[in-house]
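Dear colleague,

I am passing on the structure we spoke about, with some notes to go with it. Please keep the model open while you read them.

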Amino acid sequence: MLEELNTYERDLPTDSSWRKPFNALQTNLQEIDAAMDAAAAADAVVDYGADTWVVNAGGIMSFYPTNLPFQTRNPLLAQRPSGDLFGDAVKAGKARGLKVIARFDMSKVSPRLARENPEWLYRSAEGKPQIYNTLYSVCPSGDYYQSRTFDVLDEVLDRYDVDGVFFNWFNFNVRDYDEVVHGPCHCEACRKGFALYSGGGELPADAASETFGLWRRYTEQTLKQLTARIVDHLAARGQHTGVLLREGAPMVYLEGNSAFKSMPGKELWPHATAEAVSAHVTSRPNAAVMVNCVAFTDSSHRLGSEQPEHFAQYVIQTIARGGNPSVYYFGSPGRLPTQWTTSHAREIMRFRQQNSKVYEGLHPAAEIALVRPSYSSVTQGNYWELVEEFRGLYLSLLEANLPFDVLPVGDLANLAAREGLTRYSLLVVPDMGNLGSAATAIDEYVAGGGNLMSTGSAGIGRDGNLELASSLALQALTPALTGNELRSTYVTDKPQPRIADYHYNGPLLPLFGRYQRCIWKPGSISSGFVLPQAPFGPPELAYGHQGSSDPAYVRGPHGKGEVLHVPWTIGRTYREFGKTDVRDHFITLVKTLVKPELTAELHDSIEMITGTNDHGRVVHLINHSGIRRRVYGPHLPYSGGLLRLHGAAAAKPTVTALVAGTPLRNRVDGEDVLIELPTVELFEVLQFTKR
């Protein structure tokens, strides 16, 4: 089974018609929309600045007159003159020059189909089905997904001229709409499949089980296999039909939403959309990426419109990172009040449509790559601790106006094989282990002349083994210091000549999360030191910190490259305390390893994203000043910013601000060119061209 699944670990071709930029609109229809005016809906798609329409076809409910016994036809179609909403939508869309993507959802079936086909159903560890709003969840390992999917596809493609297909909720149903966690599926197909994949292992009961990480890999491979079979099936039909799915598809489906709002205590990660798009664009440059931008508040409040500025961020972050935006609202156009929410995004969609040449061939051009952990990266602590370290480093780079790309750790080996790492001057690997094949890719990158910066226990496996030949450690001392062991513990890289008298030079940086003690290789250079724990209460006795031999950071060569390791989780520390001296310490170290061609003098709420197209450099500036606790609100316009293009005086470029619609003034400063920026509202896009 392992070998069979891995045969589908390949790049799936993207039809050339989907390689060009596109703007989509998804009308997610309900049963009661059977009487929708298809012509008016298609007009609304065009008016929004979209050229692609995602519209319901089949699955949970069929919006066309299906003849398949395992599909549930919308009973209200009988009230429609044609009896075929999807067919009418295809005709209306094609008449207006729109591409049409047929939307399916195979994740659930009716009670009748569940009774007739119990082997299709999800089963909990106790053997119970998962039921929500009368519908039964089915399992991707079972025959409904694995076989009946192709029957549904054939019926639709035999009848209608569609340009693409999309499957919603194409995953294993671990949780339901109420956020009730049901755990991994234990249906018979999953039991057999996982046993073959794992060499006889038992399915995990929950996320705490030892085999949970392996189960996650099994589910990923199962979905990738099914995706590849769908792609191959459509190719065998001789049709140029795009396939839009999450796992390994030629067109990758992502979603920008506010699901956190229904989860008390879950914090907003404002950059989730940009992070996800960057990770896919950089790791799979030949795959198109579409982001479904959700216009309602949450799945539990689908009639409530999202805050306009927040919704706009989904679209801005998508286009800036090279993705294709899809506006997604509930019901037929005009039935629900979405105009307020979608107003800003409508202008952004139109802007992208009017400037399509900018986005043709747009690809990332950052000099720094930040590696993103996965569930399999966990060796110490838990996955969310790794995420917090990653996010702290992400924020630090963003706020320092240093452009960077996101690279998923699981894709490093494939990127290295395509020489996709060589364009980076610096690879930043946060606290994570279980690098697998990524370790070899990182070592080869550094040996060939790349620079590596790592933090915490990066590259240290579960048993304390060193995964990286480029590691500066000879031996990792385990376990690492964590939790309460680091209370009242600090790091400094400043001289402390009076430390014996308890007199300190600042800054003293608080240490949070993890400190990985090591024995360091001869020739590596240690800087600064840790001030180990001393009493922190009561105030009268809160003193006693002295120095130690544990460094603040270590650096040294490996092959033609250089390595700098920060043994503590500096990203988590920044996320926890929000202290800019922690962030600035990290950025200072970064700047010793990389000298970017483009730097900026901007407020730290302005994000700079760099790319290139056929005409030259492209810079997106995103205004994040509207960030609130759980949502974006109105932004503050920012004026007076400068960009510095280093060493460009001899080839002074022409720069146009496309949102402001004006050429920008620039001047020579030594060997550099300074570019005066216009006022940045929600966003700005700069097109550089050589003179």
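This is a predicted model: local features need pLDDT of at least 70, side-chain atom pairs count only at pLDDT 80 or more; totals for chains, interfaces and linings use all residues.

Residues are numbered from 1 along each chain as its sequence is written, and side-chain values use heavy atoms, with hydrogens and water left out.

I begin with the cavities. A cavity is here a set of points, on a 1 Å grid over the protein atoms alone, where a 1.4 Å probe fits but cannot get out, and its lining residues have an atom within 4 Å of a point; points are joined across faces, edges and corners, and a volume is the space filled by probe spheres set on them. By this rule there are three cavities of 30 Å³ or more.

The largest cavity holds about 110 Å³ and has 15 lining residues, with Ser454, Ala458, Ser471, Leu472 and His565 nearest its centre. Strands (DSSP E runs of at least two residues, numbered, like helices, which are H or I runs of at least four, from the N terminus) contribute here, since β18 (451-455), β24 (518-520) and β28 (561-566) each supply at least two residues of that lining. By class, the lining has ten nonpolar, five polar and no charged residues, where Ala, Val, Leu, Ile, Met, Phe, Trp, Tyr, Cys and Pro count as nonpolar, Asp, Glu, Lys and Arg as charged, and the others, Gly among them, as polar.

The second largest cavity holds about 90 Å³, and of its 15 lining residues Ala320, Arg321, Pro364, Ile609 and Thr610 are the closest to its centre.

Ten of the twelve residues of helix α8 are buried (under 20% relative accessible area, with a 1.4 Å probe and protein chains only), so α8 is largely enclosed by the rest of the structure. In strand β30 (residues 606-613) lies Asn613, which is buried at a relative accessible area of 8%. A polar atom of the Asn613 side chain lies 3.0 Å from the backbone oxygen of Val358.

With best regards

Conventions
Buried means under 20% relative accessible area, exposed over 50%, partly exposed in between (1.4 Å probe, protein chains only). A polar contact is a pair of N or O atoms within 3.5 Å; within protein, one must be able to donate a hydrogen and the other to accept it, and residues adjacent in sequence count only if both atoms are side-chain atoms. On a 1 Å grid over the protein atoms alone, a cavity is a set of points where a 1.4 Å probe fits but cannot get out, and a pocket is an open set with protein on both sides within 12 Å along at least five of seven lines; lining residues have an atom within 4 Å of a point.
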